[in-house]
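Subject: Structure handover

Hello,

The structure is below, with notes on what turned up in it. Please look through it when you have time.

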Amino acid sequence: MAKINPEWAGSSGHMHQSLWDPESGKSAFANAEEPGELSAVGYNYLAGVVETAPELTALYLPTINSYKRTEGGQWAGSSATWGLDNRTVAIRSIPSTGSAARIENRVPGADANPYLVIAASIAAGLHGVDTKMTAPKRVVGNAYALEEGHQVKELPATLGQAIEQFEKSEVAKEYFGETFVTHYVQTRRWELRKLQTSVTDFEIARYLERI
């Protein structure tokens, strides 16, 4: 479960990832010339994961409870942002001259299916590499309190919003296939319907003796 208490930070399912050169056996994200930066292909990959984060959020945050973890500044990525070793953004860049060079997807929670998170991140990253995508401006400082002029895309705030974006995602359809996208959207809509027909403890406590 991603969030079990409103007073506590949630439980994450962050995923670290990198690519390897099949010929040299070395990290394709490592940058020997600039140790403080990822390689060019590393930034292409990172850009893809950042750009597609909103449309793939339904895979990273698959339950109604997921979105309570990403609400507010509690160390969970809530916007399509990235930064250098920054734990308030969605995607953390961790450069190195060797095998430690990688990125971290900080959006997924503990309730996510790890296989789908891995598949979605790889699809997003490869999309960035294939299209030679350029990463947006990196965030320096607190991504939850950005100054004016730093335009970023917010991630969906609810499962319903995430479903709508995932259903329209061309990247999801290309890498997962339309059959999977349709099936997954139907399962998430069923989840929402189950909530709508449930009577929660919150409703009983708030309405039973007050209305």
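How many aromatic pairs does the count come to? With rings of Phe, Tyr and Trp (its six-membered ring) paired if their centres lie within 6.5 Å, and planes under 30 degrees apart counted as stacked, over 60 as edge-to-face and the rest as tilted, the count is six. Phe176 and Phe180 have ring centres 5.2 Å apart and planes at 25°, so they are stacked. Phe202 and Tyr207, with centres 6.4 Å apart and planes at 85°, are edge-to-face.

On provenance: this is a predicted model, in which local features need pLDDT of at least 70 and side-chain atom pairs count only at pLDDT 80 or more, while totals for chains, interfaces and linings use all residues. Residues are numbered from 1 along each chain as its sequence is written, and side-chain values use heavy atoms, with hydrogens and water left out.

Ring pairs also join Phe166, Phe176, Phe180 and Tyr184 into a cluster. Phe166 belongs to helix α4 (residues 159-168), where Leu159, Ala162, Ile163 and Phe166 are buried. Buried means under 20% relative accessible area, exposed over 50%, and partly exposed in between (1.4 Å probe, protein chains only); helices (H or I, at least four residues) and strands (E, at least two) are DSSP runs, numbered from the N terminus. The buried residues of α4 fall within an arc of 100° seen down its axis, so they line one face of the helix; the arc is that of the directions from the helix axis to the C-beta atoms.

Phe166 is also among the residues with the most contacts inside the largest nonpolar core, which has 42 residues. Such a core is a set of buried Ala, Val, Leu, Ile, Met, Phe, Trp, Tyr and Cys residues joined through side-chain atoms within 4.5 Å. Helix α1 gives the most to this core, with eleven residues.

There are seven salt bridges, each a side-chain nitrogen of Lys or Arg within 4 Å of a carboxyl oxygen of Asp or Glu. One of them joins Arg138 to Glu37, with the closest N and O atoms 2.7 Å apart; Arg138 is in the loop between α3 and α4, and Glu37 is in the loop between β1 (15-17) and α1, 101 residues apart. Another joins Glu104 and Arg92 at 2.6 Å, N to O, and both residues are buried. These two are part of a salt-bridge network that also includes Asp85, Arg87 and Arg106.

Regards
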